[in-house]
Amino acid sequence: MMINLNLASLYAGLAFGGCFMVFVLLKYRKAPEFIDMTVIILSCTGVVIGVHLAYVASTIPDSELGKLADHRVPIVLGALAVIWTSVSSIVKTCKQSIESIKS
């Protein structure tokens, strides 16, 4: 059975977002803003998709990549940029959400 990557990445985002929400609710007795939760969930999805793209682009044979075989390095670098941006967004949003709840 093949795993649908879109659903798997969404579930990973929902799991991380749910854990963050539970943590904030238990520690501060307030729920994070909806927009913060949305950014966290979608950024987690971006991390999973970015990791998969980097893996596929770096391991798939040239014969299966076809015309994109010459662009393997930029594809991997783009995937790493998505991962970096998403992780940075997750950290920033979590910090800002907690700071706004504290005050």
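Trainee: How are H1 and H4 oriented relative to each other, roughly parallel or roughly antiparallel?
Mentor: Bearing in mind that this is a predicted model, helix H1 (residues 5–28) and H4 pack at an angle of about 25 degrees, with their axes 11 Å apart. Angles under 35 degrees count as roughly parallel, and H1 and H4 are therefore roughly parallel to each other.

Trainee: And which residues in H1 meet H4?
Mentor: On the H1 side they are Phe 16, Phe 20, Phe 23, Val 24 and Tyr 28, and they meet Ile 90, Cys 94, Ser 97, Ile 98, Ile 101 and Lys 102 in H4. The residues of this contact of H1 with H4 divide into nine nonpolar, one polar and one charged.

Trainee: What about H2 and H4, at what angle do they pack?
Mentor: Helix H2 (residues 34–59) and helix H4 (residues 72–102) pack at about 160 degrees, with their axes 8 Å apart, which makes H2 roughly antiparallel to H4. In that contact of H2 with H4, the residues divide into 16 nonpolar, nine polar and two charged.

Trainee: Switching topic, is Arg 72 buried or exposed?
Mentor: Arg 72, which has its place in helix H4, counts as buried because its relative accessibility is 17%, and the cut-off for buried is under 20%.

Trainee: So what does the side chain of Arg 72 join in a polar contact?
Mentor: The side chain of Arg 72 joins that of Asp 62 in a polar contact of 2.3 Å. Leaving aside neighbours within four places in sequence, Arg 72 is also in contact with residues including Ala 57, Ile 60 and Leu 65.

Conventions:
Residues numbered from 1 in each chain as written. Predicted model: local features only at pLDDT ≥ 70, side-chain atom pairs only at ≥ 80, totals over all residues. Heavy atoms only, no water. Axes fitted to C-alpha atoms, helices over the stretch in contact; angles between N-to-C directions. Helix = DSSP H or I, 4+ residues; strand = E, 2+ residues; numbered from the N terminus. Parallel < 35°, antiparallel > 145°, perpendicular 65-115°, else oblique. Nonpolar A, V, L, I, M, F, W, Y, C, P; charged D, E, K, R; others polar. Buried < 20%, exposed > 50% of the residue type's maximum accessible area, 1.4 Å probe, protein only. Polar contact = N/O pair within 3.5 Å; in protein donor to acceptor, adjacent residues only side chain to side chain. Contact = heavy atoms within 4.5 Å.
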